[in-house]
Structures are given as structure tokens and as C-alpha cells.
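Student: I have a structure to look at and would like to learn how to read it. Could you take me through it step by step?

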Amino acid sequence: MATTFKNFLSNDVANTRTLLHEAIPITGSIVSGTYSTTATTDGGENVKTYGHGMFESVYDYPFLSSSANHIFDITAGYSAASALSGAANTQNSKKINLYNQMAQYLNGYATDGSIKPFKMPTTNAEMKEVFFVPFARLLTKDEIKKGSVTIEMGLTGSYNQDGSNFLIRGKLIDFSGSEGYYVDSPAGEYGVLYGTSSHLGNGYAAAVFNDETLGNSATMPAVGLIYYQAGVAVISGSLFNDETDGGVLNDDSTLDTTELGTLFTPTGFQAITGSTLDVFGNAILNRVYNISYNNTTELNSTIYFCRVGHSEFNYSSNPTYLSGSKLRVKTRASDTPVAYFSTVGLYSADNELLAVAKLSEPLRKDPTNEVTLRVRLDY
Amino acid sequence: MAFLDNSGDIILDAVLTDTGRMRLARGDGSFKIVKFALGDDEINYELYNKDDSRGSAYYDLEVLQTPILEAFTDNAASMKSKLITIPRNNLLFLPITKLNTTFDASTNMHSTNMFLVAVDTATEDELFVSSTGTSIDGVLMGESPTRSGNRIRLDQGLDTTEISPARSLDPLLVETQYAIEIDNRLGSVVDNTDGLAASVSFVDDDSLATYFLSRGTDRQFVSDIQDTTANTASNTNGGSIRGPRGTKLVFKVQSSLELNTSDYLFDTIGSTELSAVIGGKSGGKTFKTIDTNIRVTGVNTGYRIDIPVKFVKLVS
């Protein structure tokens with residue numbers, strides 16, 4: 001009997017998993033000034049604030065435009081046990097709540113049910129004051145690729161809008177992420193962000209970070225965590241403080257504790273106590289020089305091996321194949337039949353077309369050739 | 001030593017059709033790929049020139065240069081013609097499926113070269129008998145299918161005068177199962193004798209209903225063509241096929257309840273026509289109409305034919 005279908009056998013179907021990576025470069029100027037209207041309290045037209053004041057969202061274009069893409073959020077918080085915590089602080093409870101919320105989500109609970117605070121796994125030091133950068137799922141896709149994260153910040157002590165914020169820069173990198181990550185988080189795998197000097201200017205020649213020996217990765221201080229599947233960076237507030245103020249920056253008259261915007265005196269992360277999270281978020285955004293990472297998309301594929309034997313699919317039901325029921329491609333009955341195909345259809349048992357694959361050009365099929373088409377369906 | 005030809009192994013990326021996505025979303029296990037077929041929708045075999053004086057390498061030159069379109073995700077728009085596996089290489093003729101409009105007046109098409117389906121009793125009354133007192137050709141009774149003998153008949157076989165119809169069709173080429181696709185919003189398939197509905201196999205995301213009808217189990221629809229005499233002007237019992245004959249498919253169409261009781265679809269996807277075109281007892285009437293196609297495909301031979309149908313409703 002003639003037939004137009006061929007059933008797959010069990011060895012004709014295979015499953016594969018592929019990881020796709022894309023480079024995501026976030027140019028700092030988009031974050032720290034391109035769309036600013038006023039440089040002090042307003043993050044710019046691409047930074048969306050909310051009535052609740054708990055976080056703000058950064059877009060790659062003024063967010064009122066339909067062309068704008070959400071790239072990340074920014075917020076900060078501190079532990080109730082932090083020295084910065086105080087009832088007189090602006091949004092004190094919100095900052096504690098945010099810290100606890102992120103800690104319970106990313107760190108989980110201790111055996112007694114209490115929320116585990118953020119700790120640096122390399123030193124077991126508790127991070128009581130942090131800021132958070134949750135990256136948009138639009139960009140991180142399934143997860144951030146380990147070992148690909150770079151967050152470069154302007155760490156010049158004084159604050160100016162002439163670009164001098166970025167004369168001295170430090171870079172946070174998860175250089176050991178691909179082989180030195182941790183798995184004890186309920187939110188998936190995470191790695192450590194280490195600080196390293198990336199640009200020395202303004203007459204400053206020493207390392208940006210305290211005790212860092214330039215060129216020696218072993219001396220880089222751990223200043224944050226990156227949660228790969230959650231797509232969240234948790235960065236210690238000590239990034240903006242010098243050694244004297246309990247931070248990781250070199251204690252030098254040129255560098256000093258960072259001034260986070262003109263509203264604040266050079267108090268480093270302590271500025272969080274007197275400002276709302278919106279305003280404080282803007283202050284951090286003004287220090288962002290560049291962010292980059294690679295995302296990961298996990299592609300699950302089923303490959304169908306369409307094996308077309310020499311005696312199969314040599315005729316066509318195309319109406320142009322016949323002229324008065326006679327094959328156009330033959331003169332005599334003994335001539336070899338030939339047909340051409342451009343499409344592979346994958347069908348259910350009840351003959352419903354479920355998927356289609358196209359060739360780039362017609363393929364000839366006759367009794368002298370066999371073809372195996374590998375049709376891949378991605379999920 | 002040369003490299004081996006590796007062109008026999010080709011990797012293609014497939015896209016899910018809308019029906020595929022619907023079944024996947026349903027999550028009931030109905031998304032299961034179990035077989036494949038090869039399509040040649042873009043190929044025009046008239047470009048195959050077996051008389052090319054430059055030699056056989058040039059016969060299919062133009063066919064192979066055919067540009068190929070990207071995949072459609074509409075399941076009804078892809079794989080319209082398929083390649084066929086027949087375990088014989090020495091065939092010079094292949095069967096087709098052909099609308100039989102010559103058997104008698106009851107299988108004729110309407111003067112508009114379509115079949116008309118009267119969707120309610122008032123329309124049937126108007127179109128059942130023309131002003132001359134004879135049945136209007138090609139009008140199917142959609143409200144009461146048994147009211148008239150008009151029906152759709154398709155014949156399958158080798159439509160050639162080069163082989164006598166007295167010869168039997170190779171069993172390999174006899175179509176034993178047909179798939180009928182019809183817009184489920186407009187109508188359904190019923191049998192010729194009792195007007196009983198055929199069981200629908202599935203309705204896809206575009207409301208396209210598919211009926212599979214087999215010679216073995218649906219004899220009221222599919223049966224062998226018994227007459228093997230040559231057709232003449234006075235004898236068309238053998239049907240429309242001039243050579244060896246296979247099977248015939250006979251059915252009627254019942255209008256949907258929606259068309260029967262509502263004008264919504266007529267107003268949305270239809271138009272209006274007058275008695276001058278549609279015909280009718282009294283004339284001077286206006287009808288709401290919807291043009292569509294009923295697609296019939298031979299499941300084994302893959303041959304496909306679209307039958308033009310007009311659903312008609314009397315307005316005034």
C-alpha cells in the first residue's frame with residue numbers, strides 16, 4: 001500500500017541539552033548620567049521609582065517609551081544588628097525588612113528557623129550592610145554564566161559630575177566563579193565577587209583596595225556575592241568605605257571614603273541612614289562605570305532522525321507531478337522515479353501536523369539515494 | 001584521496017505549529033510526535049524538462065533552483081502535498097482524486113461552480129426547486145440533509161485514456177482512507193443515505209475539523225467503484241475517472257447550529273448575493289453567503305483536492 005508517513009522507531013529520537021551564552025554589556029553612562037535630568041536626587045528618565053520607595057528600576061531608555069527594556073533594579077538594606085541601624089534613620093524598618101527578605105530568599109534559614117544573614121564564605125564575615133542589584137530576567141535568561149561577571153565602580157573619594165568620579169575605579173569580578181562557586185543557598189549556586197583595581201588616576205598610584213597587591217589575585221578582598229540562578233548581586237557597603245571607616249578601600253588622602261552624591265558628605269555607605277532608598281540608589285548608580293556578564297539559556301532539544309530509505313518517498317502527491325495521471329518525470333515505466341522535497345513535517349498519531357522544518361533548497365529523492373535528516377525541536 | 005560526501009546528513013531546525021503549541025499547552029500528553037512526512041509544496045514539476053537536449057543533468061535544473069519559503073506555523077498551510085512511498089519503481093501512472101460532477105444531476109455543482117449549502121429550512125424551501133420545477137444543481141440541504149439526493153462525490157483512480165477502465169487498479173494504489181477537513185464553525189460531514197453525522201477525529205486551534213473515513217469501517221462514505229465500463233455520453237456510471245478505478249467518497253454537508261440560528265458569522269466573514277446568482281423558486285431574494293473550501297486528502301496516496309462550498313442563508 002502507498003503511504004505518505006513513516007513512523008519513528010525508538011532509536012530515531014534523541015534528547016540533548018545545550019547551554020547558550022550571550023554577552024550582556026551594560027554601559028555605565030546609561031546608568032549614571034545619560035538620561036539624568038537633575039544629577040543629585042533624580043536617577044534620570046530611565047530610572048523608575050515607586051510610591052513604596054523600596055527599590056527603583058533601571059531601564060536602557062526612558063522608561064515611558066515602549067522601546068525601553070528593564071535591565072536591573074537597585075536597592076539596599078542593613079541587618080537589624082548593624083551599627084547603622086537606628087530608629088531615627090529614614091526608612092529604617094524598610095531597610096531592615098529588605099535585608100531580611102533578600103537574606104531569607106537567597107540564604108535561607110538557620111536550624112532554629114531564624115533568617116541566616118549574608119556571610120562571606122571565604123572569611124565567614126557577616127555582611128550587615130549591603131546593596132542589591134537584581135538583574136532582569138529578560139537579560140539573565142536562565143542564569144548568569146559563572147566567572148563572567150564584572151561590575152566596575154568609580155571610587156574617587158570626592159563626588160563631581162564632570163566624570164572625575166571615575167578617575168579611580170575598582171572592579172568586582174567573580175574570577176573564580178567557574179570553579180570556585182558555592183551551592184549551599186536555597187536560591188541556587190553563588191560565587192564571590194572580589195575587588196580589584198581597574199583604573200588609577202587623579203595622581204593615585206597605589207592599589208584601590210586595602211592590602212591588595214596589584215596583579216596578585218590572592219590579595220583581592222571579597223566584597224560581594226553573585227547568585228547565578230537568581231541573578232542577584234549582593235555587594236557589601238564596605239565597598240565605599242576606607243579602612244578607617246571599616247571598609248575595603250585603601251586609606252589614603254586621595255582615595256578616602258567615597259562621597260555618594262552631593263547630598264551626602266563623604267561618609268561612604270553610612271549615607272544610607274539619612275536618605276530614602278530611591279535617593280541612595282541613585283547615589284550608587286552615579287558610581288557605576290560598567291557592568292557586564294554573560295547570560296545562559298538552557299536549551300533542551302529533541303532530535304528526530306528522519307531516515308529516508310532508498311525505496312521510500314520516491315513519488316509525490318503534488319498536483320503538478322501528474323499530467324493526466326501520468327508522471328511528468330518519467331517517459332517509460334522503467335525510468336527511475338524522482339521527487340523533490342523542501343519540507344519535513346512531524347506528526348502525531350492522528351496525523352496532526354505538530355512541527356515543521358524547512359530545507360534551504362529542494363532535495364532530490366530517487367531510489368538511488370538515502371537521506372538522514374536530523375530535525376531538531378527546541379524547548 | 002578525497003573527502004567523503006557528508007551531504008547525506010542534514011540538520012534542520014523545526015518550529016512548532018499552532019496546533020503543536022496548543023497540544024503542548026494542554027499538557028494532556030496529546031503532543032507526541034510519532035511519524036514524519038516529506039512535503040514539496042513549493043515544487044512545480046512542470047519545470048522538470050525531461051526533453052532537455054543538454055542531457056539528464058539539466059532535466060531538474062530549474063526545479064532545484066526553486067526558492068524555499070520559511071516554515072509556516074499554521075498547520076493547515078503546510079505540507080499540502082507530500083512525497084509518497086510506493087514499493088514499486090516501475091509506475092508510470094499514479095491515481096488522482098477527482099470531483100465527480102457527471103454521474104447524474106445529484107452530483108452536479110451549482111452554476112457558480114461551487115456546492116451550495118442551504119443552512120436553514122427557509123433557505124432550503126427557496127432553493128429546493130427552481131422556478132422551472134426542477135432541483136437546483138449543487139444545492140445541499142444543510143438543515144435536513146436527506147431532503148434531497150444532492151451530494152458530493154469524489155472518485156479515485158487513474159484518469160487516463162491510455163489504460164482501459166476494465167483493468168483493475170493496482171491494490172497498492174487504491175485509496176482506502178480519506179481525510180475531510182471542514183471549518184467546524186460552518187458545517188459538518190454527514191452520510192448520503194441517512195444524513196447521520198460522521199465522527200470527527202479532532203478539531204484544531206483554527207476550528208478546522210478533520211474526519212477520517214475508511215473503506216473498511218465507513219462503507220456509507222467510502223466504497224469501491226464497481227463499474228469498469230468506459231464512460232460515454234450516455235453511460236457515466238463509472239464516474240469521472242477514465243481509466244482503472246479505485247474507490248469513491250460520497251458525503252453531504254450539514255450546516256452548523258450557529259449558521260442555522262445566527263447571522264454573526266455571515267456578517268463577519270461573509271457577503272450578500274442575490275437570486276440572480278444563487279437561483280431559487282421566487283427570485284428577487286437576497287442571501288447571506290460564506291465561501292469556504294472542504295479539503296479532501298487521500299491518507300495513503302496523499303492526493304488532495306479542495307472543494308469550493310458556499311453556505312447560503314435567505315435574508316428576504
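Tutor: Let us begin with a term: a residue counts as buried when its relative accessible area is under 20%, as exposed when it is over 50%, and as partly exposed in between. Please keep in mind throughout that this is a predicted model.

Student: Is Tyr50(A) buried, partly exposed or exposed?

Tutor: Tyr50(A) has a relative accessible area of 25%, so it is partly exposed. Phe55(A), at 28% relative accessibility, also counts as partly exposed.

Student: How many aromatic pairs does the structure hold, and how do I read one of them?

Tutor: Over all chains there are 22 aromatic pairs. To read a pair, look at the angle between the ring planes, since under 30 degrees counts as stacked, over 60 as edge-to-face and the rest as tilted. Tyr50(A) and Phe55(A) have 50° between their planes and lie 4.8 Å apart, centre to centre, which makes their pair a tilted one.

Student: What kind of pair do Phe72(A) and Phe135(A) form?

Tutor: Their planes stand at 75°, with the ring centres 6.0 Å apart, so this pair is edge-to-face. Phe72(A) belongs to strand S5 (residues 70-78) of chain A, while Phe135(A) is found in the loop between strand S6 (129-134) and helix H3 (137-140) of that chain, so the pair ties together parts that are 63 residues apart in sequence. As for accessibility, Phe72(A) is buried, with a relative accessible area of 1%, and Phe135(A) is buried as well, at 6%.

Student: Which residues form one aromatic cluster?

Tutor: Tyr321(A) and Tyr340(A) come together with Tyr45(B), Tyr48(B) and Tyr59(B) in one aromatic cluster.

Student: Where does the charged end of Arg23(B) sit?

Tutor: The charged end of Arg23(B) sits over the ring of Phe202(B), 5.7 Å from the ring centre. In another such case, Lys35(B) lies over the face of Phe5(A), at 4.6 Å from the centre of the ring.

Student: What percentage of the residues of chain A count as buried?

Tutor: Of its 379 residues, 55% count as buried.

Technical notes: Residues numbered from 1 in each chain as written. Chains lettered and ligands numbered in written order. Predicted model: local features only at pLDDT ≥ 70, side-chain atom pairs only at ≥ 80, totals over all residues. Heavy atoms only, no water. Phe/Tyr/Trp six-rings, centres within 6.5 Å; stacked < 30°, edge-to-face > 60°. Buried < 20%, exposed > 50% of the residue type's maximum accessible area, 1.4 Å probe, protein only. Helix = DSSP H or I, 4+ residues; strand = E, 2+ residues; numbered from the N terminus. Lys NZ or Arg CZ within 6 Å of the ring centre and 35° of its normal.
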